[in-house]
Every structure is written in C-alpha cells, then in structure tokens.
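Colleague: Hi! Could you walk me through this model when you have a minute?

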Amino acid sequence: MKKKVKLKGHLKAYLQTALVLGVILAFVNIGIYFLDERSGMCVSGFLLVYLIVIGVLRYRNKSVIMNELIDFATQYGQIQRKLLRELELPHILMDEIGRIIWTNESFEQIIHKDKGYKKPVSSVFPAVTKEKLIFEETAEMELSFEEREYILKMKKISLNDVFDRSNLVDSEGVESFLIAGYLFDETALKHALLEIDDQSLAVGMLYIDNYEEALDSVEDVRRSLLIALIERKINRCIAAVDGIARKTEKDKYLILMRKKSLMSLRESRFELLEDVKTVNVGNEMAVTISIGVGVDAPTYNQNCEFARTAIDLALGRGGDQAVVKSPDSIVYYGGKSQQMEKSTRVKARVKANALQEIMTSKDKVLIMGHRLADADAFGAAVGISCIARALERKPHIVINDITSSVKPLTELFRDRNVYEEDFIIGSSEALEIADNSTVLVVVDVNKPSITECPELIKTCKTVVVLDHHRQGSEVIENATLSYVEPYASSTCEMVAEVLQYIAGTVKVRNNEADCMYSGIMVDTNNYTAKTGVRTFEAAAFLRRCGADVTRVRKMFRDGALEYKAKAEAVRNAEIYKNAYAMSICPAEDLESPTEVGAQAANELLGINGIKASFVATEYNGKIYISARSIDEVNVQIIMERLGGGGHLNIAGAQLMDTTPERALFVVKETVNRMIEEGAI
C-alpha cells in the first residue's frame with residue numbers, strides 16, 4: 001500500500017486555516033438562524049460556495065504546492081551543498097572506520113585529491129589511525145602535512161537523529177555514526193610561537209677551572225698574553241652565535257644569549273670547551289672551563305638561578321664541562337678530562353672548622369654512607385667518628401647490611417671495652433635516635449636515593465655531606481655543609497685531611513687508621529688509579545697514626561670462590577668494537593658479588609687496547625654494572641644514561657627487572673648512541 005505524503009508543522013497549520021475558518025463560519029451561521037431565518041439561509045449559501053471553492057482549490061493545488069516545496073527544498077539543499085563545497089574551511093566526512101565519504105574543495109586542494117576520493121583517511125594522514133578515531137564526542141590532534149602544521153578537530157554525528165527526522169528508515173537498534181572533521185592551519189601561529197621561543201633569554205655563567213694553576217705554570221711575561229688569548233676565545237665563540245660575554249671577575253664571565261644561540265652551542269656540543277684547551281703560550285697546564293646555562297624559566301631571575309645551579313653542578317662534577325638546566329631537564333656536555341688536583345689545603349681547613357662548629361652545636365652524631373657500604377664509606381665514617389669522639393659527642397655509624405668487603409673492618413670494633421654496642425646500628429635504630437639535636441654526616445655518596453637510609457636525611461635538620469664522587473642531577477638538598485671534591489682519590493683521603501685541622505689533638509687508634517688507609521687503598525686500586533700528591537700525604541698521616549700496610553693487605557685477600565669468579569668473568573669477557581670489554585660475573589655462592597664484579601672490571605683494563613670495561617653482576621634481584629676506564633673514556637656519563645653515576649674512570653649503575661645479558665645489551669646500545677652523538 002502506497003503511503004501518502006503528509007504535511008506537518010507550521011505549513012500544515014497554514015494550509016488548514018481556510019477549513020478552520022469555514023467551520024467557525026458554520027457555527028456563526030447556526031447562530032444567525034436564531035436571529036433571522038432569511039439571513040441564515042443567505043449565509044448558508046455563501047458558506048456552501050466557500051467550502052466548495054476551498055475544497056476544489058485544496059484538491060487541485062496540493063500536488064502543485066508539494067512539487068514547489070520539493071523544488072525549493074532541492075534548490076535550498078543544492079545551495080547549502082554548494083556553500084559547504086566552497087567553504088574556505090577544509091571539511092571532511094568519514095565513516096566510523098575512517099573511510100572518506102565526502103570532502104569539500106578546500107580539503108581536496110590541501111591533499112591534492114580529486115572529488116570522490118573514498119580511501120581511508122590514514123592513506124593521506126598516517127597519524128590518523130583507527131585507534132585515534134575512537135573517542136566519545138569530540139577530539140582533536142596535531143598533524144604535519146607537506147611542511148605545514150594543522151589541527152584536526154573531529155566530531156561524531158549520530159545517524160539515529162538523522163533517521164528519526166527523515167521518517168524513512170527505522171533507526172531502532174542502529175548505533176552507526178559519521179565523523180566530521182575540520183582542518184585548521186596552525187603553521188603561521190606555530191612559526192610565530194617558535195620565533196618567540198627562539199628569542200627568549202638564556203643566561204649562562206662561565207668559570208675558568210684552573211686559572212691560578214695555569215698562570216703559575218707560565219712565565220710572568222706571558223701571563224697577560226695567556227689571559228688575553230683565553231678571553232679572546234671566549235668572546236669570539238659567544239659573539240659568533242650573537243651572544244654577549246662580560247667578565248665579572250678575573251676568572252668568571254656572565255653570558256647572555258638567545259635560546260636560538262644556545263641551540264647552536266648545543267649542536268656543536270660546546271666546542272668552546274675543547275677550543276680553550278688549545279691556548280698554549282708555554283703553559284704546562286691546559287686551561288679548562290666550566291659553563292652553566294639556565295633556559296626556559298618563566299622569569300629572567302629564575303633563569304639566572306638555573307644558571308647558578310648548573311655551574312655548581314659542572315664544578316661539582318669536576319669541571320671541564322657544560323651543564324644546561326631547564327625546568328624539565330639537566331643536560332651535560334664535555335667532562336672528558338680528569339680534574340686537576342688542588343695543591344692548596346685552604347678549602348679542607350675551612351671545611352674542617354665548619355664541621356667542628358656544627359658538631360659542637362649538636363649532641364648526637366649519626367654517620368651514614370651508601371647502600372652496600374665499601375671500605376671507603378666505612379673508613380670515612382670511622383674517621384668522622386674520631387672527630388666526634390674528640391669533640392665529646394657520641395657517634396653512631398649506620399649500616400644495614402655488612403657485606404664481605406667491610407666485614408673484616410667491622411670485626412675490628414667488636415671490643416666492647418673500647419666501643420659501645422650501639423657504635424654500629426641499623427636504619428630503624430638511627431631513626432629512633434634522630435631528633436633536632438642530631439647532626440647527620442653523609443660520606444662517600446651525594447645521591448640521597450642510594451644512601452643507607454634516605455628517610456634519615458628528611459628526619460635530621462642538620463646534614464653534612466663529604467664525598468669525592470661527581471655530582472649528578474639528584475643531590476642532597478639543603479645540606480648545612482657540603483664538601484664534594486671530585487679530584488680526591490677517596491672520601492677517606494678527604495677525612496684524613498679534615499682530621500688534621502680539627503682544633504686540639506684527635507687521637508686515631510690503630511684499627512681506625514687501618515680502616516681509613518684501606519679505604520684509600522681500595523678506591524685507588526692499590527695506588528694505581530686517581531692518585532695525587534695529597535693522596536700520599538693522607539696515607540703518610542694515617543701511617544703515622546698507626547696504620548699497617550701488612551694488616552690491611554691480609555684483611556682484603558680474596559677467598560677461593562671470589563678469586564675463581566673474578567677469573568671466570570675475565571675469561572668470558574667479550575671485546576666490543578675492539579675497545580670495550582664486557583662480561584658477566586657469576587654470583588653463585590658469593591657473599592659480595594658486586595665487589596668481585598668491580599675487581600673483574602679493573603682486571604679487564606689490563607688488556608691492551610681496552611678503553612673501558614663493563615661487568616654486570618646479579619645481586620638481591622638487581623643487576624649491578626661496574627664500569628671502569630683509564631683516561632680515554634668517561635664512564636660516568638655512560639652510567640648516568642642508565643641512571644647511575646660515579647667518576648670519570650670509576651662508575652656504576654643499578655638496573656631493575658632485567659638480566660645480566662640484557663643489561664650488557666643496554667650498555668652496548670648506549671655506547672653506540674653516544675658514539676653517534678659524539679659524547680664519547
């Protein structure tokens with residue numbers, strides 16, 4: 001049965017107005033009959049003619065009106081469609097799986113496709129995947145197409161509403177939809193924002209690391225020439241990138257530049273660091289500089305603070321490097337040379353006086369090193385306990401796990417007639433002791449997350465840090481006193497120097513001198529690595545205090561299992577790129593496999609042509625990587641990529657949820673990437 005087309009809405013009401021008026025006139029006609037019969041008959045005749053005319057017109061003109069309405073709607077739809085086709089805003093209509101159904105001319109001009117292109121939108125914009133088309137109501141995403149930047153805004157159009165309004169299709173149970181997309185060209189805006197960002201201020205600070213030492217190594221008549229050449233190198237390099245360098249002190253410069261200029265320096269990996277070293281007018285010592293830059297801060301003042309933090313990091317890591325600090329990251333450049341040992345002990349004396357004042361103002365002293373304490377950490381802690389005892393303060397050394405590397409040393413303090421039972425305590429006991437009248441001395445570590453008890457740093461208000469490792473991004477903040485010297489061979493060397501400047505006579509017992517002496521001996525690999533004049537002076541001081549080389553050597557002899565494990569690691573070593581020795585140290589039945597792994601890494605450096613060695617060891621569910629080098633490769637920056645740190649030639653890292661084989665693969669990938677970047 002053919003359905004009739006019915007009108008509705010205002011148009012239907014308008015066309016029925018004549019009939020409604022006819023009905024009203026009929027009621028009026030009835031009323032007139034009660035007043036005058038002849039008048040009523042006249043009105044009835046008029047009403048009859050009126051209804052006949054209206055009926056005929058309605059019957060004859062209905063199809064005409066409907067045709068004209070359809071024609072108008074068609075013309076209106078065509079006009080609307082034409083306007084949408086010619087709209088300047090690029091518009092696209094897609095089905096629910098991303099296939100193009102319809103596009104307007106602006107969109108076709110952008111994608112260079114003809115009308116009727118029906119392929120998936122991902123064929124034009126690969127970034128618009130099916131996963132990106134899954135959203136609730138609206139979504140937007142950034143697109144790059146033919147060197148222009150766009151924002152694609154998408155909106156779901158439910159087909160249920162369309163079907164309901166059309167009365168043509170039963171939409172019950174239908175959940176289909178279309179996706180309408182609009183492209184907004186953001187190229188000009190992004191270029192403007194990028195230009196504004198490029199013009200933002202970057203503040204830098206440049207320090208000459210060894211100014212006094214370099215001048216002392218050259219003849220008096222050439223000193224002014226050396227200074228002039230250094231200054232010329234600095235000014236020319238900064239001016240080449242449209243920056244300004246102004247000397248603030250004899251060995252310090254303030255640098256102002258645009259962020260775009262900083263990008264040029266970063267692309268060249270701060271070649272100024274190496275360029276300054278070429279200045280030679282007869283000076284025996286190459287000049288090195290440190291650079292700290294602050295960028296992307298919301299204010300100029302904060303950029304300056306970033307620069308100050310960056311230069312402190314550069315100096316704390318040994319100098320000869322550039323550090324760029326932004327709100328989100330810290331990036332290091334350079335740091336390929338060993339820091340020169342300072343001949344003056346003024347700094348050690350100043351730090352000793354400050355440490356004495358701090359300890360005197362407190363009642364209790366807690367001393368803490370890093371997790372899995374080694375001989376250097378324990379020896380330094382023992383040295384600090386000697387200072388506390390001389391100042392009549394009770395010391396406590398915090399150690400949770402006594403490994404085989406420090407067990408022979410801790411056995412020296414079992415005499416309860418000399419040392420109290422709480423001389424060595426655990427973290428829980430230390431947290432109970434800690435209060436406002438306690439000073440916490442952190443030795444041989446400046447990274448809070450790897451200390452024996454990180455909570456102790458937050459509990460104690462007064463914290464002192466003594467360390468010889470290069471600083472990284474994570475440091476102990478708000479330390480009352482920080483004495484970090486990367487040039488020192490060990491923390492025990494630093495503590496031995498501090499001991500000599502404490503007011504009064506600090507009595508160091510034989511066993512305590514043995515502990516500090518062993519710390520120096522282990523960290524210098526029997527005085528073959530990173531050993532300077534001050535190292536031997538500290539060792540001589542400890543010898544005068546009663547340290548015995550024979551006793552120390554006997555304490556650190558390897559057991560048979562340890563010796564075999566070390567030999568196995570050396571035997572199975574892989575030589576990667578003819579320069580990097582990599583191996584896995586077996587950990588079965590070993591009490592302290594990490595120490596054996598470190599010893600194996602040292603042994604591998606004895607192979608001719610090896611620039612660096614990496615040994616992976618599994619211990620307590622973690623993979624410990626020991627990295628060693630002599631002078632050609634900075635293993636610290638390699639280990640920092642893996643979340644670790646250390647020195648230029650002695651470093652390490654800890655990896656979770658992996659295997660030794662996988663850890664060495666990660667090391668290889670890191671080395672490859674850094675070689676490509678020119679970082680090593």
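Modeller: Happy to. A volume is the space filled by probe spheres set on the points, with grid points joined across faces, edges and corners. This is a predicted model, where local features need pLDDT of at least 70, side-chain atom pairs count only at pLDDT 80 or more, and totals for chains, interfaces and linings use all residues. Residues are numbered from 1 along each chain as its sequence is written, and side-chain values use heavy atoms, leaving out hydrogens and water.

Colleague: Okay, what volume does the largest cavity have?

Modeller: About 60 Å³. By this rule there are three cavities of 30 Å³ or more.

Colleague: Which element gives the largest share of the lining of the largest cavity?

Modeller: That is α13, with three residues. At least two residues each come from β12 (364-368), α13 (375-390) and β13 (394-398). The lining includes His 370, Phe 378 and Glu 452. Those labels are DSSP runs numbered from the N terminus: helices (H or I) have at least four residues, strands (E) at least two.

Colleague: New topic: what is the strand order in the open sheet of six strands?

Modeller: The order is β7-β8-β6-β9-β10-β11, and the pairing is mixed. Two strands pair if DSSP finds at least two bridges between them. At the edges sit β7 (244-249) and β11 (330-334), each pairing on one side only.

Colleague: And how many bridges join β7 to β8?

Modeller: Five, and the two strands run antiparallel. Arg 246 stands opposite Leu 254 in β8. Helix α9 (residues 259-267) packs on this sheet, touching β8 and β11 among others. Touching, or contact, means heavy atoms within 4.5 Å.

Colleague: Last one: how many residues does α24 have?

Modeller: Helix α24 (660-677) has 18 residues and reaches 26 Å from its first C-alpha to its last, close to the 26 Å expected. The expected span is 1.5 Å times one less than the number of residues.

Colleague: Which residues are buried in α24?

Modeller: Among them are Leu 664, Val 667, Lys 668 and Met 674. Buried means under 20% relative accessible area (1.4 Å probe, protein chains only). Their cover includes β20 (612-619), β21 (622-629) and α23 (635-641).

Colleague: What follows α24?

Modeller: Gly 678, whose phi is positive, near 85°.

Key
Buried < 20%, exposed > 50% of the residue type's maximum accessible area, 1.4 Å probe, protein only. Axes fitted to C-alpha atoms, helices over the stretch in contact; angles between N-to-C directions. 1 Å grid on protein atoms, 1.4 Å probe; cavity = no way out; pocket = protein on both sides within 12 Å on 5 of 7 lines; lining within 4 Å.
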